Each structure stands twice: as structure tokens, then as C-alpha cells.
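Dear colleague,

Please find the structure below.

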Amino acid sequence: MTIYDISEKAGVSIATVSRVLNGSRNVSEKTRKKVLDVIALYEYTPNAFARGLGLNTMKTIGIMCADSSDLYLAKAIYYIEQKLRSNGYDSLLCCTGYDLDAKASSMNLLITKKVDGIILAGSNFIYEVETENKYITDAASQIPVMLLNADLDIPNVYSVVSDDYTSMYKATLQMIQSGTEDILYFYNSASYSGKRKLSGFQDAMEKKGLDSGLARFYQGSHEDITDMTEYLKNLCRSGLKFHGVIAADDTLALAAVKYAREMHYRIPQDFTILGYNNSMLTVCCEPELTSIDNKLETLCQHLINTLLGVLAGKEMPKKTVFSGELIRRGTTR
């Protein structure tokens, strides 16, 4: 028996069940009695530290990320932990890798630790095959699950996302309008976010009647900039011609800057480059890197606010979308 089952049997929302368990006054006595009757009938005991039974919570949130060495994820974890701590919550971090079984195992581990909620940082936790998301559905039947920059329509799952599609679409159009048309899209992730970025690039190229097939997937380490540079050189040696690179993250874009230098291109006169995430890497090259700011700190702040609202028994938005911003520097015209 889970809070999802209780909501179905009582004919109320999961948020209403949560409010009853939290002892919230924002529930009618009739509804409260209906929920409590179902709980009593099925002898449901919520999360060992049940709010509605007058006990304390663990005041702990589980955080899962695929790879904490990734600059984007590392920064996200920092923001999330800081904002949790400032609101009186501790956190438990699991770095899962990319294997589904490992993710499910980490999720189960956090639940056994009686955390009050779980945050999935990054879009690699969401799968296109519905059955592969069962580990999230199962967790959400017990505690709220928060998704950072991913979207999944499941009860008790809340999403805060950056509009990667529109950000990439607009940035591609701007690069085209500035005079670069043979643009290579350089990416290394097929996650929810990764696919949205790719679609934005392809649709913008097609809108302008250009080749949307100039996209190449890099399968190597996300830390090996030298190998990324060599990959771009090999593309050139194979006959692929391009005078602009739009990269799915700033590390890939930095490799493109290195490539342009080694090919003796002038940046941005002969070769233009655009990154993504607006990380600290943008000021680590000359000229400095133009990049899309996906508002990561804002996303993390809103995610924590939503989680705290859910834990307080409030009705919170299931999905919130923020727009990115193109930060122009020296690698684009």
C-alpha cells in the first residue's frame, strides 16, 4: 500500500493525501476522514517518520546524479545542497553512472534510508520506453520525486526544466543570420535534454533550407578535450567541411576552439563557435566563448521551492519551464 493507492481508494489527489499526513489544516474534515479511514482500513504506515502521526521527519533529501565529475551536474549538486541546507535539510548523494540497474538500486537504497524526497539531477534518468521508468514510478508512489531538466508525467513527480529546444533553435538561427551556414552540431548525449537540443538545431537548419544532417555524436570521455579535437580533425580529413560548430556543452565547444586554432582559422572571422551551459570554461579560451546560459541556479532554486511546497502539503505545479539566454562573447560574430 502506497500513498498513490490511498489517493485512488479515497478518490483524492496525492497532494491531498500528503496534506492529511502532514497535518495540514487546508483539508476539509470530510476529506480528512475519508483519507484516514482508508489508511486505517489498510493499516498503512507512511515513511517511518510519518508527518501525520505527529513524529519528526528525517529532514533528509536523496540526490541522484549520473556523474558528479560532469561540470553541469557538479554545479547543480552544489546549488541543490546549498539550498536544501539553508532550509534545514540534509542530503544523501548517490552517483549512479548510466546503467539502469544501478539507478534503480540507488533509488531503492535512498528509500530504505527514509529520505523525505528524491531529486534526480540531469535528464539521463528518463527513458523513452515506459517500463524502464518503473523505478521512478515505484519511488513516487511513496515519496515525491523531483526532476531537474527532465520531464515525466507520473503522479507525485515534479519537473523543472530549461527550454533547451527553443534556446538551441534561436541560437542556431542567429549563427546562420550572422553568415555561417555550414554548421556542425557536436554532441555527446542522447538524454532527454540532449535530444531536445539536437531537435532545436535540426529544425532551425531546415527552416533556412540548410543541411540538418551535419550532426556528429562524440562517444569518448567528456573530459578528454584533446581527443575531441582529434575527432573534429578526422571529420575534416574525411572530407566534411564546416566553418561553424554548435556544441551541446562548453567542453565540446572548447575542443572546437582548439580545433580552429590548430587549423589556423581566425575566430570568429573564419570559424564561429557556440557552447552550452555558460560554465566557467567560457573564459578559459581566447577569444572567450559564446554560450547559452540555461539558468541552472534558477532551476535549482525553483526545484527546491517546489519540493518544500510538496512536503508542506501544498498544491505545486507539476512542470515549470525556464528560458535560456544567449551570452555573446568573442567566438561568434
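**The open sheet and its surroundings**

Six strands, in the order β2-β1-β3-β4-β5-β11, form an open sheet with parallel pairing. Here a strand is a DSSP run of E with at least two residues, a helix is a run of H or I with at least four, and both are numbered from the N terminus; two strands pair if DSSP finds at least two bridges between them. The edge strands are β2 (90-95) and β11 (319-322), each of which pairs on one side only. On average, neighbouring strands of this sheet are turned by 15° against each other, with direction ignored.

This is a predicted model, in which local features need pLDDT of at least 70 and side-chain atom pairs count only at pLDDT 80 or more, while totals for chains, interfaces and linings use all residues. Residues are numbered from 1 along each chain as its sequence is written, and side-chain values use heavy atoms, with hydrogens and water left out.

Within the sheet, strand β4 (residues 145-148) and strand β5 (residues 157-162) pair in the parallel sense over four bridges. The bridge partner of L148 in β5 is V160. Helix α5 (residues 100-112) packs on the sheet and touches β1 (60-65), β2 and β3 (117-121), where contact means heavy atoms within 4.5 Å. The direction of α5 makes about 170° with that of β1; axes are lines fitted to C-alpha atoms, for helices over the stretch in contact, and angles run from 0 to 180 degrees between N-to-C directions.

**Strand β10**

Strand β10 (residues 290-293) pairs with strand β9 (residues 272-276) in the parallel sense over three bridges, and L274 stands opposite T290. Three bridges also join β10 to strand β12 (residues 325-327), and these two run antiparallel; I292 stands opposite L326. In a regular strand the side chains alternate between the two faces of the sheet. In β10, T290 and I292 point one way and S291 and D293 the other, and all are buried, that is, under 20% relative accessible area.

**Two helices in contact**

Helix α1 (residues 3-10) and helix α3 (residues 29-42) pack at an angle of about 120°, with their axes 9 Å apart. The two helices are therefore oblique to each other, a class left over once angles under 35 degrees (roughly parallel), over 145 (roughly antiparallel) and 65 to 115 (roughly perpendicular) are set aside. I6, K9 and A10 of α1 make the contact with K34, V35, V38, I39 and Y42 of α3.

Yours sincerely

Methods: Buried < 20%, exposed > 50% of the residue type's maximum accessible area, 1.4 Å probe, protein only.
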